[in-house]
Amino acid sequence: MTYFLHSPCSDCIAANMIFQQPQFSPVIAVSSNQWSTGICGCFDDCSVCCFAIWCPFCFICSTASEFGEFCCLPMIDNCACTPPVSMALRASVRNRYGIQGGLASDCMYVTFCNICSWCQIARELKRRPTVQMVVNAHSSDESTVEVG
């Protein structure tokens, strides 16, 4: 036979409890060795997908700029069968965030699914935190400060 003890404190705690639903956070921090979304994950971030569909050149240039590259650099891709800038940027994103993969898969994605590859890169840049290094060039000692 089980006996339950009733105390005045349990009534007080139950009366003062506030139940709150977790709030949706638009930024999802990822720290994995995999891509945070699939190559066809357009519905994971519809704003990225819409931008890529309606204005692909602006989207690609904007994504390259967000990664820290010269914004017009992807225009070189129009001169080659396998887009060299797309492939280099995809490999750089993998390298920066420690994402598994290889150049063979990068080559296949940028050659046959180029805009989807750029969308995946843009989603990754939005979801992964970046650590920027600020170097003080005016000081005689070579000190660096992390800004995060």
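Let's start with helix α3: Phe59, Ile60, Cys61, Thr63, Ala64 and Phe67 are its buried residues. Buried means under 20% relative accessible area, exposed over 50%, and partly exposed in between, with a 1.4 Å probe and protein chains only. Helices here are DSSP runs of H or I with at least four residues, strands are runs of E with at least two, and both are numbered from the N terminus.

A word on the source. This is a predicted model, so local features need pLDDT of at least 70 and side-chain atom pairs count only at pLDDT 80 or more, while totals for chains, interfaces and linings use all residues. Residues are numbered from 1 along each chain as its sequence is written, and side-chain values use heavy atoms, with hydrogens and water left out.

Back to α3. What covers its buried residues? The cover includes α2 (46–54), α4 and α6. Contact means heavy atoms within 4.5 Å. Take Thr63, which sits in α3. Thr63 is buried, because its relative accessibility is 2%. Setting aside neighbours within four places in sequence, Thr63 contacts Trp118, Ile121, Ala122 and Leu125.

Now the length of α3. The expected span of a helix is 1.5 Å times one less than its number of residues. The twelve residues of α3 should therefore span 16 Å, and the end C-alpha atoms are 17 Å apart, which agrees. Just after α3 comes Gly68, with a positive phi of about 105 degrees.

Next, Phe59. Phe59 counts as buried because its relative accessible area is 3%. Leaving out neighbours within four places in sequence, Phe59 touches Val48, Phe51, Ala52, Ile115, Trp118, Cys119 and Ala122.

How many aromatic pairs are there? The count comes to one. That pair is Phe51 with Phe59, edge-to-face, 5.5 Å centre to centre and 80 degrees between the planes. The rule: rings of Phe, Tyr and Trp (its six-membered ring) pair if their centres lie within 6.5 Å; planes under 30 degrees apart are stacked, over 60 edge-to-face, and the rest tilted. Phe51 is partly exposed, since its relative accessible area is 35%.

On to the core. A nonpolar core is a set of buried Ala, Val, Leu, Ile, Met, Phe, Trp, Tyr and Cys residues joined through side-chain atoms within 4.5 Å. Which residues touch the most other members of the largest one? Of its 16 residues, they are Phe59, Val93, Trp118 and Ile121. Helices α2, α3, α4 and α6 each supply at least two residues of this core. The largest share, five residues, comes from α6.

Now α4, residues 84–97. Its 14 residues should span 20 Å at 1.5 Å a residue, and the end C-alpha atoms are 20 Å apart, so the two agree. Buried in α4 are Val85, Ser86, Met87, Leu89, Arg90, Ala91, Val93, Arg94 and Tyr97. Their cover includes α3 (56–67), α5 (103–112) and α6 (114–127). After α4 comes Gly98, its phi positive and near 70 degrees.

Between α3 and α4 runs a loop that holds Ala80. Ala80 is partly exposed, because its relative accessible area is 35%.

Last, the whole chain. It has six helices and two strands, in the order α-α-α-α-α-α-β-β. Of its 148 residues, 29% are buried. Among contacts with a separation of 6 or more, 62% join residues 24 or more positions apart.
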